Amino acid sequence: MSPVGGAMSLLLFAQWVTVMSQNMTPSALPEHNLGFPQLPEDFKEMAKQLMLKCSKKGYPPPMLMSFSFNSSSTTPLNRMGVNPISLFPALLSSLPHLFVSAPHSALKANETAEQELALNLTEKMWNCTSLPQIIKLMSNTTEKCHCFMRAFVAPLSWAAVLQNATQLDMEQLRTLLWAAKPLLETMPPSPLVLPATVQSSHLAEMMKFLCEVFSSLSEGQREQIRQWMKHRVLENDPSCQQNVTLSATPVNSSSPGCAARKPWLKAEVLRMMGRFVSRLTEEDVNSIPANELCKFFQSPEFLPSFTNVGEMQPVNGQNFYQRLKRECSNGSQTFLNHLDRLGSLACFYDDAQSLNATLSKKLLYQLGNCENSGTDKMKKELVRKMMSDSEAPPTLELLRSLGASASILPAAKLASVSSEVLRDTLSSLSQAQWMPAQAMVLARKLLDKDKDINGETLLAMGSMVRGVESELLKRINSQGLLRNQGLKNISEKMSSLQKKALLVGMQINVSMPDLVKQLPDPLLPSLSLSTLDKANINSVDQVDGRSWSRAQSVYLLKKIFGKTIKPQQIRSLGQAVQGVTCDMVGNVNQSDALEMAQALANFSDWLSRSQVHCIAHSLFLSLEKQRPAYFTNISDAELLAIPALLLVHLPAKMIQGLPDAVCPHFLEKMSQANFSSLANNVSLRGELRNRALRCLGKNASELSPAEVLSLGPVICELDPTWISSLKPSAMNSTLQALATCGYIPYSYRGPLFKLLISTYGDPSGWSEDVMKSLGPLLLWNDTALEMLPSKAWLKSYLSDLLDRMLAQAAAPTPEKFRFKPDLLALRHKLFWLKTGLNQQRRRREVSSGVQPSLSEPTLSVIEDLGQGNVYWSPTQLFNMTAQTFKDAVSVLGEIRNYTAEQLSVLKKKAVEVWGDVTMLNETQIVELGCVSQGFNEKQLQNLNITSLDTLELLSVCNWNQTQMAAIWQGFTDKTGLKILKLGALEMVGLGSFICGLQPNQTDQLNTGEFKEAVGEIGRVLCPLSALECLKRKAVAAFGDPKGWGEAEVSTMGNTIAGLTATELASLKSSVLPFIQQSAISLIPPERLVALSVSQLRALGPDNAAMITDTQRQRLAMDQRAAVDEAVGLAIRSDSISSTTSPNAMPQKGGAPEQTMFGIVTLLQPLALLLLRYIH
């Protein structure tokens, strides 16, 4: 994690412990009588969510005696030590469609022993006097029997650990952790609450438990646990006590700390950390003493510590691997004996050429789950080494050896494998990651000439399902599929067409309500609104926990709630929160505004910028109405109550008027803030930065590194001139933190680069360590990136950097909200480094008319380059051998943006290898992919395409209107498909080729089928003339545009761009934020101008930011102002304004309660101590 991220996590941790200190005060319980803890906040909601998971597993709820429901107590349930079991029946009865109560007389004589046991269990729990008693009763029963009760006690058990960590004996701790496990396995990605301190003898048990739930934790939570573990180790080390005792360390202490003198990572600690070792920082890895590292390497705990840990940071993984190789073996040959013990560290093996066939097989097995840069290249080298005869078909033994790595074999090689061999290796091949052409070959081999396929066969195919034809899928029934985890797994691999086809088949023998209830989440978004209407969804419980699309979410919420929704209902929405409209937010009672904002902020990952803006605006307006000059006189508690997500939208004057007394909590909020909902050049960023710096209360030259890092994302807004005035240690850590920023203001980039050069020298001379710390900053300076030297370590680092940047990339974002640098220069640089070309020489050769020196692309270089193959010159592509083209065609076919000259050369290569286009089969056409764009109109029409699945795969390429029409015509000629026979499935399969229909053909499309497919049709980018035709069909399906709601507008996607000026002007303002972003720039400028000022303002930040310069030029002055308001660049005309001057009223609230202040005071030194290790 970055320094900024580490600081943020720690400050969040501090806040959570503060809250827990208020709500979960530790009690002095008798050593052997734990009793019951105080109920944690949101206990009912946590228990209910866990119970719903039991229900989804098909487990029956426990039957309760009728008297249980009538039981009451005058003792408050939130008191310490009171048995909360009386809440259990009410929680069960709140679950949808569960029968939870039966009189004892109703039990039949033939009730199973399991049902009797469940009944006895709940009766006995009613009389328990302690939590361990309840857990002991459960532990001897099956999961089916105790699932609901364990769901009930899991939050209680974790609360008991947090409240009594220092008083538990080992047996009590193990008991509570066992019961709490379901809660930790389903935690949202928000910061964890961990025990403030733990007995040294219990630390290993705690870490063992946390390692068990490692896979369920987010990266932020894993990093938080690593930091927590580090402090617990230092806390329990007698030689370090004087340096880590929290109350003994002054807030601004600059003492070096224990770790500076004595390493904390000994072999025993490493073994204890388990899988969290994989999340150690680079500094931590370097600090491990060699003898302790080698002890750990030889221990039985080493391999489990690097098994199933997900993707490691390349820098740390390489560092760990190199240290083991260098310091813990007597040479390369000795180290080879440990290949099978490396776990995820095998992903960083760097000497595949030295391995024989046996060792290659061993390493290949280890590389199965690696995703870091260079691994694919190594896998290919190993596979080629294992294949003694490159011409012979892969044998059964070879495929078994390759396992999931068999995906390296080209489609032509897989086509030579017999069906019998494929079936014998199905268990491993079904786990591989296949390209579409490979999956198509394998599926056809396995299914042969089958006309039908059953659920069992489909599930067994695993990832190969990507190659199953949609024609087969639409004939499958639901038997054996629904409620099967395997269906979720395979549906994640399916295309849009396949999902739609599978749904067609499963609807045959299942009612729509039952089907929707049992569908796995990956299939849900494929349901059309008209289909969803038949599912009889009318309660929030039916919506909760499902992966709905945005259109589905707003459709369901409006159906269930209308225009009003309550805060408590928001908490149960999950991903459906996408459908909360600004009208719903605005209709909330003024007294509920804060609770509503807090509830919505808990789902920040699913909120659009438009939603965030209107939630913030509504909240601030309500608070100012409740008390004039609210923010001028805000108290600590009031500021803490406002989510950081929303606080960054506070108007500038209110930010300036915040009282100094709340500065500590304002800084805490800024450390948690996410600026991504603010436009890059909005003035609010500067206001928030200036207020945060004022709150620090010091000149820059007086600030410590930890104090600057405590600013969190505000660091990304710091002026390089201000940074240059920091003391060296603070400036160094600040610059390293800047390297993690997704956006650097344009005006700061030049000065920042000058500061980097003056501090570290020219980047062309940076060492590997400096490059690893500051390299991302070079992405903001193309010239510096271009001038970097050709070094092997640099190529590896830049490859990892590109992979990391691409992994972080989200959906396409408007330029004004783009939070990552342009990667074009980085891609160019990697091309020069990987091809061995001298960039300067190539520029001279091209300018002088001399062709570049590299004569031909090779297979290994093409595979290594991936999307970078777009930079080959036409001449270099021409020099490529026919065999190289044949072997590399699937890689070359994935590139969509070749030039016309490159496509012309590649087309000739295809003809050279396979002959005339009429001789190409569909597998070869799929492999050619976007290289097919080089064929002329006649050749495209002659392509042997008879499958909708092939059309769908090709539709992602950048076809022009003439090409799309040619392919569509050729498809209908070969299949005999008539326009009147096109159903929803066929319309989805056409993809972008639906743009190739003639206007009269579009008019002939069946309206009902079009309505079913409109969501998928709306994703394609058609020329305006085609969009106008599709719009006419949309009007026929959904009625006059003035009556369209948010759900209809959202599902129509780009089709909206075909509306006339009059139709656009008739749209309700409330639907405009739900227009698909990509549609905005497609609207002709002369039509966009028809939108009124209120409509333009209602577009919201994302859509308003998509308006192009050409469109903007046609707008009037007041319309442009409205667009700026929508983006957030200008003050809203209905902005909140305080009616009282900043000094008109005395400050309210005073200091926070002593308990809260005490916890924060204690945690500040810890934050600073850990921050010191981070930077």
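A nonpolar core here is a set of buried Ala, Val, Leu, Ile, Met, Phe, Trp, Tyr and Cys residues joined through side-chain atoms within 4.5 Å, where buried means under 20% relative accessible area with a 1.4 Å probe, protein chains only. The model is predicted: local features need pLDDT of at least 70, side-chain atom pairs count only at pLDDT 80 or more, and totals for chains, interfaces and linings use all residues. Residues are numbered from 1 along each chain as its sequence is written, and side-chain values use heavy atoms, leaving out hydrogens and water.

The largest nonpolar core has 363 residues, of which Phe 152, Trp 158 and Leu 458 touch the most other members. Helix 7 supplies the largest share of this core, 12 residues. Beyond four places in sequence, Trp 158 is in contact (heavy atoms within 4.5 Å) with residues including Leu 177, Leu 184, Met 206 and Phe 209.

Let us turn to the helix pair. Helix 6 (residues 131-139) packs against helix 7 (residues 143-164) at an angle of about 145°, their axes 10 Å apart. Axes are lines fitted to C-alpha atoms over the stretch in contact, and angles run from 0 to 180 degrees between N-to-C directions. From helix 6, Leu 131, Ile 134, Ile 135 and Met 138 meet residues of helix 7, among them His 146, Met 149 and Arg 150.

Finally, is Gln 611 buried or exposed? Gln 611, in helix 36 (residues 609-626), is buried, at a relative accessible area of 5%. Its side chain reaches the backbone oxygen of Val 577 at 3.0 Å.

Technical notes: Helix = DSSP H or I, 4+ residues; strand = E, 2+ residues; numbered from the N terminus. Buried < 20%, exposed > 50% of the residue type's maximum accessible area, 1.4 Å probe, protein only. Polar contact = N/O pair within 3.5 Å; in protein donor to acceptor, adjacent residues only side chain to side chain.
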